[in-house]
Amino acid sequence: MEKNFKPDTICIHAGYKPGNGEPRVLPIVQSTTYTYESSQEMGDLFDLKSDGFFYTRLGNPTLDAVEKKLAALEGGVGAMLTASGQSASLLSVLNICRAGGHVVCSSAIYGGTFNLFYKTMKEMGIDFTFVSPTSTADELRAAFRENTRCVFAETLANPSLVVTDLELFANIAHEHGVPIIVDNTFPTPINCRPFEFGVDIVVHSTTKYLDGHAVQVGGAIVDSGNFDWNNGKFPEFTEPDESYHGVVYTKQFGRAAYIAKARCHLMRDLGAQAAPMNAFLLNLGMETLALRMERHCSNAMEIAKFLEQDDRIAWVNFPGLESSPFHALAQKYMPHGTCGVVSFGIKGGREAATKFMDSLELASVVTHVADLRTCVLHPASTTHRQLSDKQLEEAGVSPDLIRLSVGIENIDDILADIKQALEKAVQ
Ligand SMILES: *Cc1c(COP(=O)(O)O)cnc(C)c1O
């Protein structure tokens with residue numbers, strides 16, 4: 001954006017500026033192709049010599065506007081929307097790591113990401129070393145190898161709500177000449193801006209708060225433009241890409257080399273692009289993101305405080321609470337609030353948890369999180385079902401953990417629902 005607008009203004013205005021007589025609202029460009037006067041112009045686009053759209057797999061005006069808005073929110077040089085959060089995580093790593101490569105990864109990550117890395121990408125020949133999110137500098141250093149290509153972590157982990165010490169992780173990555181990729185889905189750029197703490201690449205599942213209405217599955221990769229690819233370790237950025245007429249990404253795209261390669265190389269070949277309709281819906285959601293996050297956080301704080309003082313509750317995990325071991329890190333990295341997710345255990349374990357969930361009337365039991373409607377989930381029997389007890393423990397998910405995603409309804413109604421369900425669950 002031309003001006004230095006505040007995040008809530010960026011949410012509404014960045015990315016799309018209509019010209020005279022054009023629609024005020026970002027249009028859905030439901031077209032695969034774009035016409036040009038001459039084949040020369042078209043050829044220049046294919047050669048990446050000029051800017052413009054030629055095929056929706058590689059770029060589309062609706063996607064482009066939303067990408068610009070997200071890049072502005074994160075403070076990056078560029079972004080690329082993907083079909084899902086899963087494909088964003090996949091492409092973010094593949095862009096710098098091929099068979100024979102190695103990644104240092106926090107063990108406190110989303111279950112789907114863990115499966116992607118631990119099984120699918122391992123089968124593709126990429127090795128992962130999982131480290132504790134509370135590792136010391138030396139413990140992190142010990143995980144690096146000659147072939148380590150990047151570090152991966154989550155700012156605020158789903159569902160464990162572990163807050164990663166971003167500066168520590170970033171410093172150790174940079175000490176080894178590699179970038180750090182961070183999944184910023186839970187806090188969103190409204191509550192955490194990882195690039196300000198040395199993070200190089202951010203990924204999102206836009207399916208969550210960014211959309212917020214549970215109407216589209218999507219993902220995104222955002223490039224800070226800060227990593228120096230010219231350190232001898234990344235020839236894929238500094239030497240010609242023969243599959244693209246010898247383009248050298250750092251020369252042609254400068255600071256935006258990473259995100260340009262993700263698009264020109266990986267999106268071209270793997271085709272995990274977002275649909276224009278989904279980008280339109282995502283944009284509608286993002287317009288109210290700042291407002292929604294404020295309410296999610298204040299509602300979640302009230303719920304967490306209520307649960308903490310209730311003696312039917314075994315434990316509460318919410319980084320906004322002073323009792324949280326992650327309170328100090330949350331204050332540092334997310335001073336205005338974390339997110340709307342609170343996890344807790346009920347006395348009486350798994351059985352009481354099930355009874356509690358079945359008794360909720362306002363909150364719905366769904367495999368979703370970060371929605372404007374309050375929803376609740378038991379990860380050990382759903383999203384994290386494929387993980388062994390040991391893997392569950394490493395991911396910070398105890399068998400009795402209930403993940404409550406506090407919505408933006410009136411706090412009195414959410415509290416009343418929880419109270420009546422607790423009455424039924426714990427006699
Ligand atoms: C949901 C989620 C993902 C996966 O995103 P999809 O859009 O479901 O593919 C990745 N990371 C985090 C933190 C998530 O919550």
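These legends accompany close-up views of a cavity and a helix pair in a predicted model. Local features need pLDDT of at least 70, side-chain atom pairs count only at pLDDT 80 or more, and totals for chains, interfaces and linings use all residues. Residues are numbered from 1 along each chain as its sequence is written, and side-chain values use heavy atoms, leaving out hydrogens and water.

**View 1. The structure has one cavity of 30 Å³ or more.** Here a cavity is a set of points on a 1 Å grid over the protein atoms alone where a 1.4 Å probe fits but cannot get out.

**View 2. Around the cavity, α3 (61-74), β1 (78-82) and α11 (257-270) each give at least two lining residues.** Helices (H or I, at least four residues) and strands (E, at least two) are DSSP runs, numbered from the N terminus. Lining residues, which have an atom within 4 Å of a point, include Leu63, Glu67, Met80, Leu81, Arg263 and Met267. By class, the lining has five nonpolar, three polar and three charged residues.

**View 3. Helices α4 (residues 85-94) and α5 (residues 111-123) cross at roughly 45°, their axes coming within 10 Å.** Axes are lines fitted to C-alpha atoms over the stretch in contact, with angles from 0 to 180 degrees between N-to-C directions.

**View 4. Gln86, Ser89, Leu90, Val93 and Leu94 of α4 meet Gly112, Thr113, Leu116, Phe117 and Met121 of α5.** Contact means heavy atoms within 4.5 Å. The contact residues of α4 with α5 comprise six nonpolar, four polar and no charged; Gly counts as polar.

Notes:
1 Å grid on protein atoms, 1.4 Å probe; cavity = no way out; pocket = protein on both sides within 12 Å on 5 of 7 lines; lining within 4 Å. Points joined across faces, edges and corners; volume = space filled by probe spheres on them.
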